[in-house]
Amino acid sequence: MPYISASGQVVDSRSPWRLSIIPDMIWGFINFIILFFQTMINPNKTARSDKYTSDYRRPGGGGGGGPSRRMGGFGGRGGNAPGPPPMAGGGG
């Protein structure tokens with residue numbers, strides 16, 4: 001990911017062996033722990049803020065509470081899928 005260096009130049013990537021990686025890793029760990037415990041207390045909390053949501057259901061609650069169509073799964077309940085292959089080992 002490109003970034004702007006201290007001298008003002010656009011650089012394609014930073015070196016993984018830079019000295020500032022140590023405080024970056026420490027602050028990343030601290031931020032992860034803080035967000036972890038904040039979400040334990042308030043499950044609607046995100047890294048952005050409380051006003052964002054990840055609930056992608058349609059507004060109004062229509063559809064009886066379930067999905068409008070079946071997503072994936074196993075079984076031969078219709079459809080044009082081929083049957084399973086025969087068992088190995090002969091069987092005779």
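Predicted model: local features only at pLDDT ≥ 70, side-chain atom pairs only at ≥ 80, totals over all residues.
Which helix does Phe-29 lie in? Phe-29 belongs to helix H1, which covers residues 21–41. Residues are numbered from 1 along each chain as its sequence is written, and side-chain values use heavy atoms, with hydrogens and water left out.

**View 1. The protein chain holds 1 helix and 2 strands.** Helices (H or I, at least four residues) and strands (E, at least two) are DSSP runs, numbered from the N terminus. Of the 92 residues, 1% are buried; here buried means under 20% relative accessible area, exposed means over 50%, and partly exposed lies in between (1.4 Å probe, protein chains only). The chain has an accessible surface of about 9200 Å², and carbon and sulfur atoms account for 62% of that. Accessible areas come from the Shrake-Rupley method with a 1.4 Å probe, and for residues only the protein chains shown count as cover.

**View 2. A nonpolar patch on the surface includes Phe-29.** Patches take residues with over 30% relative accessible area and no salt bridge, joining like charges within 9 Å and nonpolar side chains (Val, Leu, Ile, Met, Phe, Trp, Tyr) within 5 Å. Phe-29 itself is exposed, at 56% relative accessible area.

**View 3. Phe-32, Phe-36 and Phe-37 make one aromatic cluster.** The whole structure has 2 aromatic pairs. Phe-32 and Phe-36 are stacked, at 6.5 Å centre to centre with 25° between the planes. These two residues are 4 apart in helix H1, so about one helical turn separates them. Phe-36 also pairs edge-to-face with Phe-37, at 5.2 Å centre to centre and 80° between the planes. Rings of Phe, Tyr and Trp (its six-membered ring) pair if their centres lie within 6.5 Å; planes under 30 degrees apart are stacked, over 60 edge-to-face, and the rest tilted. Phe-32 is exposed at 54% relative accessibility, and Phe-36 is partly exposed at 40%.

**View 4. Arg-18 and Asp-24 join their side chains in a salt bridge.** The N to O distance is 3.6 Å, and the count comes to 1 salt bridge (a side-chain nitrogen of Lys or Arg within 4 Å of a carboxyl oxygen of Asp or Glu). Arg-18 is partly exposed at 22% relative accessible area, as is Asp-24 at 38%.
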